[in-house]
Amino acid sequence: MLVVAEATSDGATGTGYTYADRATAVLARDTLAKVVVGSDAMGTERNYDAMVGAVRNLGRDGVASMAISAIDSALWDLKARLLDVSLVGLLGPARESIAVYGSGGFTSYGREELTSQLAGFVALGIRRVKMKVGREPAKDVGRVETARRAIGDAELFVDANGAYSRKQALELARVFGNLGVTWFEEPVSSDDLDGLRLLRDRALAPMEIAAGEYGFHPAYFERMLAAGAVDVLQADATRCGGVTGFLRVAALADARGLPLSAHCAPALHAHLGCACSRMRHLEYFHDHVRIERLLFDGALTPVNGELTPDRSRAGFGLKLLRDEAQRYAVDIS
C-alpha cells in the first residue's frame, strides 16, 4: 500500500510517500498532522523533531517512523517548491546522476521468468542486478547459476532477507562468490549484528555484506556501524524518517567512511542519491518502479544504468496523478 502525504503553503503543494498500511495513514492524519499544520514551511528540522516528539509514547519504530517519513518528505518537497528549485538543487549536488541496480528475481519466479527479468534489466543498460534467495535454500545455488547465465558479465547481487542461519550463510557465501556474486544482502537477520560481522569478516573479496533497510532511526544505524556489521550501509527514506532522517543516516556513514545505498522507492531516492557524497547506488525495484510510474508523473527512467533528476522540475519533480490514484484509494475514515 502506498501512503501519500501532501503539505501546502502559499499555493504550493509538496508530496511525500511511504510503502506501508492503513494504520500509517491514520497515524499521520490523526497524530502527526496537528504538530506541523501552521508551522514554518522552511523549518524542516524543527518539524521533524516535533513529529518525533509526538510519537514518544507510541514508539518510534515501524508505523510511526513510516508516517513521519511520508510527511517529512512532503515538507522537503514543499520547501523546494516554494523556493522553485529541485530537491537536489536545494540540498546541493554531489553528482549529476546516480547508478541503479535492477532488483527483482523473486523466489516465486520460475527459471524462465527469472532469466527474462534479470536479462531485461541488463538490456536496459543496468549493469548490476539483484535477486532474492533464501526461501528454499536447497534450490538457491541452481537459481544463482541461472541468473549468472542470464546476465553475462554484469554484477550479480543476492538478497536473503535474513533467511539463512550463520553456517548456511557462510557456506553459501563461498559458493555464491565462485559464481561472481559481489553483494550479499542480509545473509542473516539484520538484528544479528554479530552474525553479519562474522559474514563480513569471512566473505572473500569482492563480495560485500549489506544491511540496514529496516532501520527506522539513527540509533539503529549507529549500532550497526559500531558493530562493524556491514561493508555497505542501506537506508530507506520511506522508513528512516524521510529526507531529514536519510540525511542523518548519510552523515553517520560519512563519519565511518562507509558507502551508502538506498533501498527501493527509486522516484524518492534519486535526488538524495545525487546529493549524498557517500551514495554508491540505489535500488531500481521492480514493484516500486511499476507503482511509481502508474501514480506519478515525473518518475525517472534509467539511462545507461543511471537516474538523472530533472532539475527543471521543483522538489522531487513528481506530480500525483489523482485520477489514477483515486482508482486505488482506500477509505481511512
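At 39% relative accessibility, Arg127 falls in the partly exposed class (buried means under 20% relative accessible area, exposed over 50% and partly exposed in between, with a 1.4 Å probe and protein chains only). Its side chain meets that of Asp153 in a salt bridge, with an N to O distance of 2.5 Å; a salt bridge here is a side-chain nitrogen of Lys or Arg within 4 Å of a carboxyl oxygen of Asp or Glu. The pair links distant parts of the chain, 26 residues apart: Asp153 sits in the loop between helix H6 (137-151) and strand S5 (155-159), and Arg127 in the loop between helix H5 (111-123) and strand S4 (128-132). Helices (H or I, at least four residues) and strands (E, at least two) are DSSP runs, numbered from the N terminus. Asp153 is exposed, at a relative accessible area of 66%.

The model is a predicted one, in which local features need pLDDT of at least 70 and side-chain atom pairs count only at pLDDT 80 or more, while totals for chains, interfaces and linings use all residues. Residues are numbered from 1 along each chain as its sequence is written, and side-chain values use heavy atoms, with hydrogens and water left out.

Another of them joins the side chains of Glu185 and Lys130, at 2.7 Å from N to O. This pair also links distant parts of the chain, with Glu185 in strand S6 (residues 181-185) and Lys130 in strand S4, 55 residues apart. Glu185 is buried, with a relative accessible area of 0%, and Lys130 is buried too, at 1%. Both residues belong to a network of salt bridges that links Lys130, Lys132, Asp159, Glu185 and Glu283.

A further salt bridge, between the side chains of Asp77 and Arg81, has an N to O distance of 2.9 Å. These two residues are four apart in helix H3 (residues 63-83), so about one helical turn separates Asp77 from Arg81. Asp77 is buried, with a relative accessible area of 0%, whereas Arg81 is partly exposed at 25%.

Helix packing comes next. The axes of helix H1 (residues 22-36) and H2 come within 9 Å and cross at roughly 140°. Such axes are lines fitted to C-alpha atoms, for helices over the stretch in contact, and angles run from 0 to 180 degrees between N-to-C directions. The crossing of H1 and H2 is right-handed; a crossing is right-handed if the near helix is turned clockwise from the far one by less than a right angle, and left-handed if anticlockwise. Contact, taken as heavy atoms within 4.5 Å, involves Thr31, Leu32, Val35 and Val36 of H1 and Asn47, Ala50, Met51 and Ala54 of H2. Six of these residues are nonpolar, two are polar and none is charged; Ala, Val, Leu, Ile, Met, Phe, Trp, Tyr, Cys and Pro count as nonpolar, Asp, Glu, Lys and Arg as charged, and the others, Gly among them, as polar.

Helix H2 (residues 44-54) also meets helix H10 (residues 242-256), their axes coming within 9 Å and crossing at roughly 95°. H2 and H10 are therefore roughly perpendicular to each other; angles of 65 to 115 degrees count as roughly perpendicular, under 35 as roughly parallel, over 145 as roughly antiparallel and the rest as oblique. Thr44, Glu45, Tyr48 and Asp49 of H2 make this contact with Thr244, Gly245 and Arg248 of H10. The contact of H2 with H10 comprises one nonpolar, three polar and three charged residues.

H10 packs against helix H9 (residues 218-226) as well, at an angle of about 20° and with the axes 9 Å apart. H9 and H10 are therefore roughly parallel to each other, and H9 passes H10 in a right-handed crossing. Pro218, Phe221, Glu222, Leu225 and Ala226 of H9 meet Arg248, Val249, Leu252, Ala253 and Arg256 of H10. This contact divides into seven nonpolar, no polar and three charged residues.

Leu268, in helix H11 (residues 266-275), is buried with a relative accessible area of 0%. Leaving aside neighbours within four places in sequence, Leu268 is in contact with Tyr17, Ser73, Ala237, Thr238 and Phe316. Met1 lies in the segment before strand S1 (2-9) and is partly exposed, at 45%.
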